[in-house]
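Colleague: Hi! Could you walk me through this one? I'd like to start with a loop residue.

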Amino acid sequence: MKELAGRLTALDPAAGEAVRVIAYFDRLAEGRAGAEALVRGAAVLAGVPARLVDAERGVRIRVEADGVRRDTELPPDPRWPSAALTPGGADALWLERPGARPSVVDAVILERAAGAVRLVLDRTRGRAPLEDPALVETLLDATAPEAARLHAARRLGLDPRVPARALARPGLPPQVVAAPAGTPVPEPSAGRAGIGPAVAVAELPGSWAAARTALRFTAEGTAHDPGPRVVHADELGGIALLADLVVPGAQPPPDVRALERAAADAPWLLATLHAVTTTASLRAAAAEATVHHSTLQDRLVHAEQLLGWPVRTPQGRLRLHLALTMRRLTRP
């Protein structure tokens, strides 16, 4: 398909791009992507926001051209390029391209995306096979009707009477696991993960939101990125409020910038300071950092000079702990 697209592009750029669009949605369909992933693909390929509104099945998804989901209650503009999910049906998928006739590529995006979305909704809001990743998307979608979410739970084999948790991992599909009372919380064997609280199946969208917040507090556990690989949302307490204040990818707060400058001067600094904030004493921190107690004292004196604030006082350690935490939250 890639070779065919290349040949067509040489003859007709629009035709070549259309073939690439077809191949893209075919891959998503083969991977059993959910409705949100399909709408996101349409938005990114078209370079404008895409919107799916199916009032009959209670689906409302809007994704910006940068791939970020931002839903709205405003009605679609009838002048936008659009497509129905079924022949003769009402328009349900739009590309927010104002005042423009749909191009050949736009038409192919709408046609392929609408067909793939229809199959997903048939599976997740009606009859659906077991082990369908799109079911998990429906189960965790706060905008989906509760009946649709409970249907998805049953198809996934979840007992509505047994609490469950959502797990968020970077670059991987969401996961839902049953969490009966008294059972240990499952933790991934590798990589970072945020684990949501155990809730009733119907409340799993809230657990998923909490799991994504918890994921932002995780670290790789390396010298450059020290911290916990797995974070449980229900153990964060009030510190979870920091996630609302620190925007991922934005300009880091001054204390985080100070940490980065200091770490550039002293490669040992981040791991050493993490040990200081997560142990009960400086001797325990020295053992955690695998250095002699006197070496740790020398390092902390140097760290204080680089940072510009004390790290061996209660107030200084709190400031340091917040700075290390905000450093993780600024991760894009």
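This is a predicted model: local features need pLDDT of at least 70, side-chain atom pairs count only at pLDDT 80 or more; totals for chains, interfaces and linings use all residues.

Colleague: Is Thr290 buried or exposed?

Modeller: Thr290 counts as exposed, at 68% relative accessibility. Buried means under 20% relative accessible area, exposed over 50%, and partly exposed in between, using a 1.4 Å probe and protein chains only. Residues are numbered from 1 along each chain as its sequence is written, and side-chain values use heavy atoms, with hydrogens and water left out.

Colleague: Thanks! Where does Thr290 lie?

Modeller: Thr290 sits in the loop between helix 11 (282-288) and helix 12 (293-307). Helices (H or I, at least four residues) and strands (E, at least two) are DSSP runs, numbered from the N terminus. Thr290 also has a positive phi of about 55°, although it is not a glycine.

Colleague: New topic! How many salt bridges are there?

Modeller: The structure holds 21 salt bridges. A salt bridge here is a side-chain nitrogen of Lys or Arg within 4 Å of a carboxyl oxygen of Asp or Glu. One of them joins Glu36 and Arg40, at 2.7 Å from N to O.

Colleague: Where do Glu36 and Arg40 lie?

Modeller: Both are in helix 3, 4 residues apart, which is about one turn of the helix. Glu36 is buried at 18% relative accessible area, whereas Arg40 is partly exposed at 26%.

Colleague: Nice. Which residue does Glu260 meet in a salt bridge?

Modeller: Glu260 pairs with Arg327, at 2.8 Å from N to O. This pair links distant parts of the chain, 67 residues apart: Glu260 is in helix 9 (residues 254-265) and Arg327 in helix 13 (residues 314-329). Glu260 is partly exposed, with a relative accessible area of 34%, while Arg327 counts as buried at 11%.

Colleague: Which residues do salt bridges with shared partners join into one network?

Modeller: That network is made of Arg51, Arg62, Glu64, Asp66, Arg70 and Glu96.
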